[in-house]
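Colleague: I am new to reading protein models, and I would like to go through one with you, feature by feature. Could you give me the general idea each time and then the case in hand?

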Amino acid sequence: MAMLDDRQRSIALWRRLALAPGRTLGTLQRGRRDDYIVVTAAAALAFACGRAYAESDVNLALERWLAGPGAIVATDRVQLRRALVDCRLLERDAYGRSYRRVADAPPAWRTALAALDGVDLAAQAQDARAADARLRAERKARWMQAAAG
């Protein structure tokens, strides 16, 4: 039951963030810790656990992620890559040429990684924006009807 609760909570956080795109990693980090954790965990899921990636492959994967589900975040691949290393979600070799997603993420991220694994975050963001647009349209229609009435 806890896994389902974690999944629902993580998805709800992601959907809320999708309604206010354009936040930077710094803003997320200084704000609600859970927001930062969900975003960085979601980005880390672009990588298979334990597989070695060249820096160019990491950059390409992060560019794709930022163009897709990560489009809600205002950052670039370099800043995001550094954040993933700083959070200990990716580890880098001493020369900065090879990266791996760690198998044993820090506890706060472990929950988010498990909860978001397999979730279509781009679809979740799109659905959240569509639902919000419907609610706004309904409120406007009620207001217009009350004002005319």
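Modeller: Let us begin with the elements: helices (H or I, at least four residues) and strands (E, at least two) are DSSP runs, numbered from the N terminus. In this chain there are 7 helices and 3 strands, and read along the sequence they follow the pattern α-α-α-β-α-α-β-β-α-α. This is a predicted model, in which local features need pLDDT of at least 70 and side-chain atom pairs count only at pLDDT 80 or more, while totals for chains, interfaces and linings use all residues. Residues are numbered from 1 along each chain as its sequence is written, and side-chain values use heavy atoms, with hydrogens and water left out.

Colleague: What box do the C-alpha atoms of the chain fill?

Modeller: Taken along the principal axes, the box is roughly 70 × 35 × 25 Å. To read contacts within it, remember that contact means heavy atoms within 4.5 Å. Among contacts between residues at least 6 apart in sequence, 62% join residues at least 24 apart.

Colleague: How many residues of the chain count as buried?

Modeller: The general idea is that buried means under 20% relative accessible area, exposed over 50%, and partly exposed in between, with a 1.4 Å probe and protein chains only. Of the 149 residues here, 36% count as buried.

Colleague: Which residues touch the most other members of the largest nonpolar core?

Modeller: A nonpolar core is a set of buried Ala, Val, Leu, Ile, Met, Phe, Trp, Tyr and Cys residues joined through side-chain atoms within 4.5 Å. The largest one here has 41 residues, and Trp-14 and Leu-84 touch the most other members. Two or more residues come from each of helix 1 (2-18), helix 2 (25-30), helix 3, helix 4 (55-67), helix 5 (77-86), helix 6 and helix 7 (121-148), and helix 3 gives the most, with 8 residues. If residues up to four places away in sequence are not counted, Leu-84 touches Thr-40, Ala-43, Ala-44, Phe-47, Leu-62, Leu-89 and Leu-90.

Colleague: At what angle do the axes of helix 3 and helix 5 cross?

Modeller: Axes are lines fitted to C-alpha atoms, for helices over the stretch in contact, and angles run from 0 to 180 degrees between N-to-C directions. Angles under 35 degrees count as roughly parallel, over 145 as roughly antiparallel, 65 to 115 as roughly perpendicular and the rest as oblique. The axes of helix 3 and helix 5 come within 10 Å and cross at roughly 100 degrees, which means that helix 3 is roughly perpendicular to helix 5. In this contact Tyr-36, Thr-40, Ala-43 and Ala-44 of helix 3 meet Leu-80, Ala-83 and Leu-84 of helix 5.

Colleague: How do the residues of the contact of helix 3 with helix 5 divide into nonpolar, polar and charged?

Modeller: For this sorting, Ala, Val, Leu, Ile, Met, Phe, Trp, Tyr, Cys and Pro count as nonpolar, Asp, Glu, Lys and Arg as charged, and the others, Gly among them, as polar. The contact of helix 3 with helix 5 has 6 nonpolar, 1 polar and no charged residues.

Colleague: At what angle do helix 4 and helix 5 pack?

Modeller: The angle is about 110 degrees, with the axes of helix 4 and helix 5 9 Å apart, so helix 4 is roughly perpendicular to helix 5. Here Glu-55, Val-58, Asn-59, Leu-62, Glu-63, Trp-65 and Leu-66 of helix 4 meet Arg-77, Leu-80, Arg-81 and Leu-84 of helix 5, and the residues of this contact divide into 6 nonpolar, 1 polar and 4 charged.

Colleague: Is Arg-81 buried or exposed?

Modeller: Arg-81, which is found in helix 5, counts as buried because its relative accessibility is 8%. Leaving aside its neighbours within four places in sequence, Arg-81 is in contact with Glu-55, Val-58, Asn-59, Leu-62 and Tyr-99.

Colleague: What is the phi of Arg-88?

Modeller: Most residues other than glycine have a negative phi. Arg-88 has a positive phi of about 65 degrees, although it is not a glycine. Arg-88 has its place in the loop between helix 5 and strand 2 (90-92), and at 54% relative accessibility it counts as exposed.
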